[in-house]
2 protein chains.
Amino acid sequence: MSSQDSNQDNGHAEPVARKGISRRRLFGAAGAGAVAVGAGAVAGRLTAPDPTSGYDDVVPFRGAVQAGIVTPVQDRMHFAAFDVTTDSREELVALLRKWTAMAERMTAGKQATEGGAVDAGEYRPPDDTGEALDLDACRLTLTIGFGPSLFVGADGKDRFGIAGLRPQRLTDLPKFTGDALDPARSGGDICIQACADDPQVAVHAIRNLARVGFGTVAVKWSQLGFGRTSSTSTSQSTPRNLFGFKDGTRNIKAEDPAAVSEFVWAAPIDDQAWMAGGSYLVARRIRMLIEPWDRTVLHEQERVIGRSKGSGAPLGGRDEFDPLELEAKGAGGKPVIDTDSHVRLASAEELGGIQILRRGYNFTDGSDGFGHLDAGLFFIAYCRDPQTQFVPMQQSLARNDALNEYIKHVGSAVFAVPPGVGDAGYWGSTLFGDAGPSVDDREAGTPGQ
Amino acid sequence: MSSQDSNQDNGHAEPVARKGISRRRLFGAAGAGAVAVGAGAVAGRLTAPDPTSGYDDVVPFRGAVQAGIVTPVQDRMHFAAFDVTTDSREELVALLRKWTAMAERMTAGKQATEGGAVDAGEYRPPDDTGEALDLDACRLTLTIGFGPSLFVGADGKDRFGIAGLRPQRLTDLPKFTGDALDPARSGGDICIQACADDPQVAVHAIRNLARVGFGTVAVKWSQLGFGRTSSTSTSQSTPRNLFGFKDGTRNIKAEDPAAVSEFVWAAPIDDQAWMAGGSYLVARRIRMLIEPWDRTVLHEQERVIGRSKGSGAPLGGRDEFDPLELEAKGAGGKPVIDTDSHVRLASAEELGGIQILRRGYNFTDGSDGFGHLDAGLFFIAYCRDPQTQFVPMQQSLARNDALNEYIKHVGSAVFAVPPGVGDAGYWGSTLFGDAGPSVDDREAGTPGQ
């Protein structure tokens, strides 16, 4: 199983994970549980294992639900929100079809379109921008969502004949206590979440989708997340957020299908039938005021969060995954886990059983102009109904969370995430139906219907 | 050599590269050229090799030159420029000493200070912010530089008694044709370049250095680079920039010590003696106007760059590393490599032999407010003398480079990068001397001299 043969020490090392020798081809055939053999020596050095790559390289694109939700969280993210700039339903549907075809290709590790970066001929603009040419799929997932404003414009207009199909649970979020939202980082008609273990793969995907959308959509805002700050699978360790605490220990995990079914996926009995198998995405750009936090004593930090910083164990517990002892009392009869602690207020126990699936990322975007880093958490949550899950949770947190002294919500958006693309569908086909020309028809020059 | 024993399938996978089982300990003892065995199955899945981790996990901090220059380029970068906010030389030197101790620890994979995130006691602010607690060194390097304004203030003031030690070659760069510099992304008294294969490690390092600098320095600007766009070693493959082209094929490589010596390291005979073994860092934030680029035909893109997009070969050649045939003529007697092509204008052949060491990164920072991504190249170059290397090169490029239609220089800075820290020195000790209290003295409460 050694692949030493494939390494040529020609003075310029071959990238190990390039197209021709994909991880999947190297390892896909071996049985689960086998010990993987590294891809050999690169220029006389050792290849150490990647702690994050214990998964197949390609996440299937088609399925009953969209990938990128319960998929084990990839390391990096590029998230974009778009304004639709056309009034034409036909143009919008044509773009969704085209995007679907491109997304299916790119998540498989292929170039964005058949023509690719160099094969369409030298007298055409390349069909793919090329910066991921030497890279594998890197578990890329692309997940689309539709904002409330896609259904009904600011003027109440039925922009694309889908106003009657807007789910009641898809409405702009209410203003929460302390919100300091920047309109330039909020909302959007359409979102695309790109997650991958290599950031260049995620950036390439968003960039190529934005590129072909020119004239139909425009980027409203985008966010790069440099590191995941939650887990959606028990196979993943819990990462740390920029407050230095393990984040997402109690997150819903893919290995708990009952919770996923109850709290993540919209069901046929919910609201709009076209959303069955879909979900709702809430994005919040949460600026962390890391300087005051960093000047806070450890005891206070742990009181605010409700967990030990080192182990991640809930206060009063020893192991990260110990249950929250919300009733436990310490010295003087005070609760061991503070009444205003983040872990308590965000717990299902205190929220009448509510849970959400978190899938957020750490970010840092330069400085804020006042000598500090502009850093924080790009919070993403998926839930079956934002109005009865995220909203009451955030109302409670916004009012009482001791963490509010150290954070500021500066961006916000909500999107209806349609179900997965079946064998013949496209992104949004349960919403828009099969009307509109197919990509193939358009590329062949056939006029749309 | 299997490390299966160290994996416990307890339902929550152990991160493979956590502190206790560092890559270095797992693999450091094996001979060069051996086939590495992956660290075993994580929760029943395979561990595939990381294409970028064929190096020791720790890059030594102390040495004749600073790490992070000819070190094989790490995948991710966080770069920060600081203003010094104190007038006290003593405070500045104390911070440089403190930073040195922290940098040495963090590049070794340790927490920022002895006290760490949780061990200093619960009634103190933690000494480390904690977000890298579970992560290895990930080849972290920290490289410091001093800007012209550290030597002489805007008012001509000798701020810290080092005006006479300013190297003549350390002056603000001249304005180049087409420059559209944002003062908020330019300049700075001090820079720190953090490079690592995990972005959280780089961000953590900058953040902790900024944190302890409070009151002495303030972050002026910072830049996250999500992917390297050059190689400094023949052991590395050439990455692609966001124009989709391989970038840095002809870069100086560490394996060419004569070129490194001639073009990178300041020598004792140069200018100021304290800079011997140092270098000069030029940073340019280059916004790529990717939308017009993406609408340009492949032939024109290749003419502008002077290389084939697919292989990276110079036009007229077949292999990426083929020599530039600058004299070759094609149909109609026109040069095969256009007279205004980027590769020609940036070539040593056309620049009287000038070379520089490039170490740049791709970036994307949200959107530009006009429906486009704010993306590009954060160009970093190291050279022995910016005035006779970078400046004439950039003057030629700024005037004639066909690429100028698609790029805009929006940030600029230059720094003197002092030599490496020897056994007893600190960052800048050849400049500031041994005056000022040591970190140990300060921490013990001993007043400075």
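A crossing of two helices counts as right-handed if the near helix is turned clockwise from the far one by less than a right angle, and as left-handed if the turn is anticlockwise. Keep that handy for the exercises below, which all use a predicted model.

**Exercise 1.** Work out how α2(A) and α4(A) are arranged: which handedness does the crossing have, and which residues make the contact?

*Solution.* Start with the geometry. Helix α2 of chain A covers residues 89–107, helix α4 of chain A covers residues 199–212, and the two pack at about 155 degrees with their axes 10 Å apart. Now compare with the cut-off: angles over 145 degrees count as roughly antiparallel. So α2(A) is roughly antiparallel to α4(A). As for handedness, α2(A) makes a right-handed crossing as it passes α4(A).

Next, look at who touches whom. α2(A) brings L95(A), W99(A), M102(A) and M106(A), while α4(A) brings H204(A), A205(A), N208(A), L209(A) and V212(A). Sort these contact residues and you get seven nonpolar, two polar and no charged.

**Exercise 2.** Now try chain B: at what angle do α2(B) and α4(B) cross, and what is the handedness of the crossing?

*Solution.* Take helix α2 (residues 89–107) and helix α4 (residues 199–212) of chain B: their axes cross at roughly 155 degrees and come within 10 Å. The pair is therefore roughly antiparallel. The crossing of α2(B) with α4(B) is right-handed.

For the contact, find L95(B), W99(B), M102(B) and M106(B) on α2(B); they meet H204(B), A205(B), N208(B), L209(B) and V212(B) on α4(B).

**Exercise 3.** Describe the second largest pocket: how much space lies in it, and which element gives the most to its lining?

*Solution.* First, the volume: about 880 Å³. Then find the middle: of the 43 lining residues, D247(A), G248(A), H342(A), A346(A) and R358(A) are the closest to the centre.

Move on to the elements. In chain A, β6 (279–288), α8 (342–345), β9 (373–383), α9 (390–400) and β10 (407–417) each supply at least two lining residues. α9(A) gives the most, with four.

Key:
Residues numbered from 1 in each chain as written. Chains lettered and ligands numbered in written order. Predicted model: local features only at pLDDT ≥ 70, side-chain atom pairs only at ≥ 80, totals over all residues. Heavy atoms only, no water. 1 Å grid on protein atoms, 1.4 Å probe; cavity = no way out; pocket = protein on both sides within 12 Å on 5 of 7 lines; lining within 4 Å. Points joined across faces, edges and corners; volume = space filled by probe spheres on them. Axes fitted to C-alpha atoms, helices over the stretch in contact; angles between N-to-C directions. Parallel < 35°, antiparallel > 145°, perpendicular 65-115°, else oblique. Contact = heavy atoms within 4.5 Å. Nonpolar A, V, L, I, M, F, W, Y, C, P; charged D, E, K, R; others polar.
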